[in-house]
Amino acid sequence: MHRSTRPNCGRDKIRYASKKGGAWRVEKASKLDEEKVKSEAIKRLINHGISHELMDKVETLTKEHYRKCMEQRFKELVASKALEGVETEIEDMDWESTFFLRHLPESNMSEIPDLEDDYRKAMKEFVVELEKLAELLLDLLCENLGLEKGYLKKAFCGSKGPTFGTKVGNYPPCPRPELVKGLRAHTDAGGIILLFQDDQVSGLQLLKDGEWIDVPPMRHSIVINLGDQLEVITNGKYKSVMHRVLTQTEGTRMSIASFYNPGRDAVIYPAPELLEKEAVDESQVYPKFVFEDYMKLYAGVKFQAKEPRFEAMKAMETTAVTPAPIAIA
Ligand SMILES: [Fe+2]
């Protein structure tokens, strides 16, 4: 059953770090500052209310699990795709080793092989906290947008509630970082993404004003990212941001990304209240679609710009709602 309990972090206590003037800084905010959310779609939360002890445990166990169960497999895989002799960047591969966990609408944690009991238990505890944090953040976004509390969560619901899952990733050292990305540039398709990243090994970058900017490790912080669906619902007021992971020659980078997304059959469309408030011209209105249809499209074009995806969904919408011409002869 879906939980709706309040997170243990007070909204007035949330602090986040943002990059301005070339340096990361930590700020305290009674609510997420609208201008900052708009201008810097990736944030880092410091005072998120999740116990540091739990985060340390999750990090240790994730790294242990990688060494025990995944490292060898990855080495064999890359050995068969030797980089020697390659001169230009490989565009159809990511230098990562991952597995996925699903939490909502139903958890598949008990079906994942190779997870030790203490790891499974720590992850369960961790994702419950992340789920609460995601819902709190969605409500803060509602507040900033002037939407009623719970609007975004409701917009994500569909018939079975939102989907929530985690991609546990490891980015092993790469002998030729110039030839392959850890993860190629993309925007996330879904709603709100909470990332617990390695506190030592860097690699994550975001695209801002045409320039790639590092999101360096910061111990015990959670990186927040907004996906394409929030861009559609806010009609572009908040934008999903392009990001990528570079490979490094030293160290394996841990990345635990939890995706709080709409349910498969949720119908996604710009919030009417926002369109009215801003008196948006019809040509500027984002499309309306079923989330699952967007994901089908995304699967094939994830590493391409998002705008053609929105246009394709708009075209599908037009096809769906335009009645066929009536034959008169
Ligand atoms: Fe991503």
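Author: What follows is a conversation about the helices, the strands and the core of this protein.
Author: This is a predicted model, in which local features need pLDDT of at least 70, side-chain atom pairs count only at pLDDT 80 or more, and totals for chains, interfaces and linings use all residues. Residues are numbered from 1 along each chain as its sequence is written.

Reader: How many helices and strands does the protein have?
Author: The protein has 8 helices and 14 strands, where helices (H or I, at least four residues) and strands (E, at least two) are DSSP runs numbered from the N terminus.

Reader: And what share of the residues counts as buried?
Author: Of the 329 residues, 33% count as buried, meaning that 20 or more other C-beta atoms, placed from the backbone, lie within 10 Å of the residue's own.

Reader: Which residues have the most contacts inside the largest nonpolar core?
Author: That core has 57 residues, and among those with the most contacts inside it are Ala-134, Leu-137, Ile-192 and Ile-222. A nonpolar core here is a set of buried Ala, Val, Leu, Ile, Met, Phe, Trp, Tyr and Cys residues joined through C-beta atoms within 7 Å.

Reader: Which helix gives the most to this core?
Author: Helix H3, spanning residues 117-145, gives the most, with 11 residues.

Reader: What does Ile-222 touch?
Author: Leaving aside residues up to four places away in sequence, Ile-222 touches Arg-44, Leu-45, His-48, Leu-194, Leu-195 and Phe-196; a contact requires C-beta atoms, placed from the backbone, within 7 Å.

Reader: Changing topic, is strand S5 mostly covered or uncovered?
Author: Strand S5 (residues 163-171) is mostly covered, since 7 of its 9 residues are buried.

Reader: Which strands pair with S5?
Author: Strand S4 (residues 97-104) pairs with S5 in the antiparallel sense over 7 bridges, and Phe-99 stands opposite Val-168 in S5. Strand S12 (residues 253-261) is also antiparallel to S5, over 9 bridges, with Asn-170 opposite Met-254 in S12. Two strands pair if DSSP finds at least two bridges between them.

Reader: In what order do the 4 strands of the open sheet come?
Author: The order is S6-S11-S8-S9, with antiparallel pairing.

Reader: Why is one side of S6 and of S9 left without a neighbour in that sheet?
Author: Strands S6 (181-186) and S9 (211-214) stand at the edges and each has a single partner strand, so one side of each lacks a neighbour in the sheet.

Reader: What joins S8 to S9?
Author: Strand S8 (residues 204-208) and S9 run antiparallel and are joined by 4 bridges, and Lys-208 stands opposite Glu-211 in S9.

Technical notes
Buried ≥ 20, exposed ≤ 12 C-beta atoms within 10 Å, placed from the backbone. Contact = placed C-beta atoms within 7 Å.
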